[in-house]
Amino acid sequence: MNTKILFIGFLSLLLIAVLGSAVLAQQSPGENLTCPLDKEVPVGQLINQMEYTNDKILRQLQNIDDAAIRILQNVTKLVKSSDSCKTTNCQSGCQLEDISVPCSGTPSTSCTSGYTCAYQSTVPGSSASNTSCTTLPTTGSMTINPSGYYGVFNWRENSGYQCNPYDCPDPGFYPGPANPSSLLYPAPANNCTTGDTCYYKGYNLAGQDLIDNLTFSRQNCKNLPNNLTVDASATYAIYQWSGVHGGGWCNVLWPTTTCYGTCYNEGDCSVDWTCTTQICQRGACSGQACNFTEINAQLNIISQSTQTINDSNQAIVDIFDRKVAELPLLGNICQIPGLGVVCGLCDIFGNIFTGCKTEIATILSLFQKGLTNIKDCWNDPADYEKIISGEKSGKFLMSCEELRPGVLKKCYPNNFFCCK
């Protein structure tokens, strides 16, 4: 990087030396000069731009130097701050604290007559059941302590109770008439018509069996309901009858009543089975082993200074490597009237095609323009006497200030023109 900076200074001194030699080699041209604008030697512009670029590099170098000093100073402070870190600066302790644990053994409870209680397990409070159990000492909904422990019981009512009603044959109905040889079945009154005798066979069948069984058919019975409709799910009494029409089989619908199943009221319930024990609970640490406020402040300064070094270094690198469309002081040199710098499309349309040359390359273009115009303005030393006597015209480097007012209306200070 320092080599590049010295190179800028060398270009500046070289152009000044060349111009100085050229100017000293010329004599005063006199009046009636012709000064083409495209023969300008931009000494003033070049020197000012190089001074501007040099100053920009020097400012960034100064920023780097200052940041490096700050880093060194704060690293030294950081080391001293770290040396002061001691565990004795912290204070801590512990205290006894009650915590919930399951009681020893197995939880038990008494059950009232007609109920059975079976212990299942002990669970933490968050998952304990709170079912109401009439067989346990605590009735109703139990409030569960999430940190407690509970004995879970399965309980059941032993006696049972009626539930799940369903239709069943009426046990008080007897179809009759009785078998004459039996005294257990008295004959119902008016159950058979004159001329017919009906004997109950002592059993019954479901309606679907009456339809599918060929032994028992559904026939017309004078003493029974005629054309009995068979319900596939109902129960029927079977008769054997005889009369003027001959013997046969018939059936009669058995009336129904309501029967119930035997159910048990059962479920889960919980009994509080929480005991406490004491543990030493460590308290929070108070104080600080180090002065972290001071350490963080020093780390922030180091971080900021490191960023400053990175930013300044990048700014210097950009001067030599990043392509730009124009110079920071002079702008686009292709658009400066009178210089006559030959530019490509990228330079002419710099606002469209940005990033064509680096800042240093653009300065070199300006320098090359000056060298070219100096070379074009050189006189052969053999012609000096004729040029001075007026026998032959010569070329003279004239400063901008010498040509104003008169030949030029305005020009950049310290620039030169090749005049005839």
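Predicted model: local features only at pLDDT ≥ 70, side-chain atom pairs only at ≥ 80, totals over all residues.
**View 1. The disulfide of Cys85 and Cys290.** A further disulfide joins Cys85 to Cys290, with a distance of 1.9 Å from S to S. Distant parts of the chain are linked here, since Cys85 sits in the loop between helix 2 and strand 2 (94-102) and Cys290 in the loop between strand 11 (274-282) and helix 4, 205 residues apart. About the S-S bond of Cys85 and Cys290 the torsion is about 130°, so this disulfide is right-handed. Is Cys85 buried or partly exposed? With a relative accessibility of 27%, Cys85 counts as partly exposed, while Cys290, which has a relative accessible area of 14%, is buried.

**View 2. The disulfide of Cys163 and Cys263.** The sulfur atoms of Cys163 and Cys263 lie 1.4 Å apart and form a disulfide. Because Cys163 lies in strand 5 (residues 161-169) and Cys263 in strand 9 (residues 256-263), the pair ties together parts that are 100 residues apart in sequence. The link of Cys163 and Cys263 is right-handed, with 70° about the S-S bond, and both cysteines are buried.

View 3. Three strands form an open sheet in the order 1-15-14, and their pairing is antiparallel. Strand 1 (40-41) and strand 14 (396-399) are the edge strands, each of which pairs on one side only. Strand 14 and strand 15 (residues 416-419) run antiparallel and are joined by four bridges.

View 4. The structure holds two aromatic pairs. In one of them, the ring centres of Tyr115 and Trp155 are 6.2 Å apart and the ring planes stand at 50°, so the pair is tilted. Tyr115 lies in strand 3 (residues 115-124) and Trp155 in strand 4 (residues 149-157), which means that the pair ties together parts that are 40 residues apart in sequence. Tyr115 counts as partly exposed at 22% relative accessibility, whereas Trp155, at 3%, counts as buried.

**View 5. Ala67 and its contacts.** Ala67 lies in helix 2 (residues 43-83) and is buried, with a relative accessible area of 0%. When residues up to four places away in sequence are not counted, Ala67 touches Ser305, Thr308 and Ile309. The C-alpha atoms of Ala67 and Ser312 are separated by 10.0 Å, although the two residues are 245 residues apart along the chain.

**View 6. Confidence along the chain.** The chain averages a pLDDT of 76, and 70% of the residues score at least 70. Confidence is lowest in helix 1 (residues 2-24), with a mean of 49, and highest in helix 4 (residues 292-321), at 92. Over residues 19-30, pLDDT stays under 50.

Note on methods: Residues numbered from 1 in each chain as written. Heavy atoms only, no water. Helix = DSSP H or I, 4+ residues; strand = E, 2+ residues; numbered from the N terminus. Buried < 20%, exposed > 50% of the residue type's maximum accessible area, 1.4 Å probe, protein only. Contact = heavy atoms within 4.5 Å. Phe/Tyr/Trp six-rings, centres within 6.5 Å; stacked < 30°, edge-to-face > 60°. pLDDT = per-residue confidence, 0-100. Pairing = 2+ DSSP bridges. Disulfide = S-S within 2.5 Å.
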